[in-house]
Amino acid sequence: MSMSRVFRTAVLTGLLLASASGFAAPPELEAKYGKSCATCHGSGVLNAPRKGDREAWGPRLKQGMPVLVGHVKAGFRNMPAKGLCNDCTDADYEALIQFMSQ
Ligand code: HEC
C-alpha cells in the first residue's frame with residue numbers, strides 16, 4: 001500500500017468515527033423519547049428546547065442533572081409532570097435528557 005493510500009484510509013476512518021461518536025441511544029430509550037418527550041422536544045412547541053439544540057440546552061444543563069430530573073417529574077412551566085412518560089425511572093430521565101441535549 002502506498003503512503004498516500006494509508007493516509008487516505010486513516011482520514012476516512014477518522015471521519016467515520018467522528019460521525020458515529022454522538023450519544024448512541026439504545027432502542028428502548030428511543031422508544032420512550034418517541035412516545036413522550038418527542039411530542040414537544042422534537043418540534044420545540046411551547047418553547048420546549050429541541051432535541052439536538054445545544055444552545056437551547058446549554059444553560060439548562062448548567063443547573064445539574066438532579067434539578068433537571070426534578071423539573072421533569074414535578075412539571076416545569078409548560079411541561080406537564082413526568083413529561084408524559086408514566087413508566088420512566090430517574091435513570092431514564094437522565095438518559096433522555098442526555099440524548100435530547102446533544
Ligand atoms: C407537553 C410538552 C412536553 C413534553 C411531552 C415533554 N416536555 Fe420537557 N419541556 C417542555 C417545555 C415547554 C419546556 C420548557 C419549559 C420552560 O422553560 O418554559 C421543557 C423543558 C424541559 C427540560 C428543562 C427543564 C429546565 O429546568 O430547564 C427538561 C430537562 C425536559 N423538558 C425534559 C423532558 C423529558 C425527559 C421528557 C420526556 C420524558 C419531556 N421533557 C417531555 C415540554 C414538554
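Asp90 is partly exposed, with a relative accessible area of 40%. Partly exposed lies between buried (under 20% relative accessible area) and exposed (over 50%), with a 1.4 Å probe and protein chains only. This is a predicted model: local features need pLDDT of at least 70, side-chain atom pairs count only at pLDDT 80 or more, and totals for chains, interfaces and linings use all residues. Residues are numbered from 1 along each chain as its sequence is written, and side-chain values use heavy atoms, leaving out hydrogens and water.

**Overall build.** The protein has five helices and zero strands. Helices (H or I, at least four residues) and strands (E, at least two) are DSSP runs, numbered from the N terminus. Of the 102 residues, 25% are buried. Contact means heavy atoms within 4.5 Å. Among contacts with a separation of 6 or more, 55% join residues 24 or more positions apart.

**Salt bridges.** The structure holds three. Each is a side-chain nitrogen of Lys or Arg within 4 Å of a carboxyl oxygen of Asp or Glu.

| Pair | N to O distance |
|---|---|
| Lys32 and Asp92 | 3.0 Å |
| Lys35 and Asp87 | 3.4 Å |
| Lys73 and Asp90 | 2.8 Å |

Lys32 lies in α2 and Asp92 in α5, so this pair ties together parts 60 residues apart in sequence. Both Lys32 and Asp92 are buried. Asp87 sits in the loop between α4 and α5, 52 residues from Lys35 in helix α2. Asp87 is partly exposed at 47%, while Lys35 is exposed at 52%. Asp90 in helix α5 and Lys73 in helix α4 are 17 residues apart. Lys73 is partly exposed, with a relative accessible area of 40%.

**Positive phi.** Most residues other than glycine have a negative phi. Asn47 has a phi near 70°. Asn47 belongs to the loop between α2 (27-41) and α3 (54-61) and is exposed at 69% relative accessibility. Lys82 also has a positive phi, near 70°. Its loop runs between α4 (65-74) and α5 (90-100). Lys82 is partly exposed at 38%.

**After α5.** Where does Ser101 lie? Ser101 is in the segment after α5, buried at 9% relative accessibility. Leaving aside neighbours within four places in sequence, Ser101 contacts Arg54, Trp57 and Leu61.
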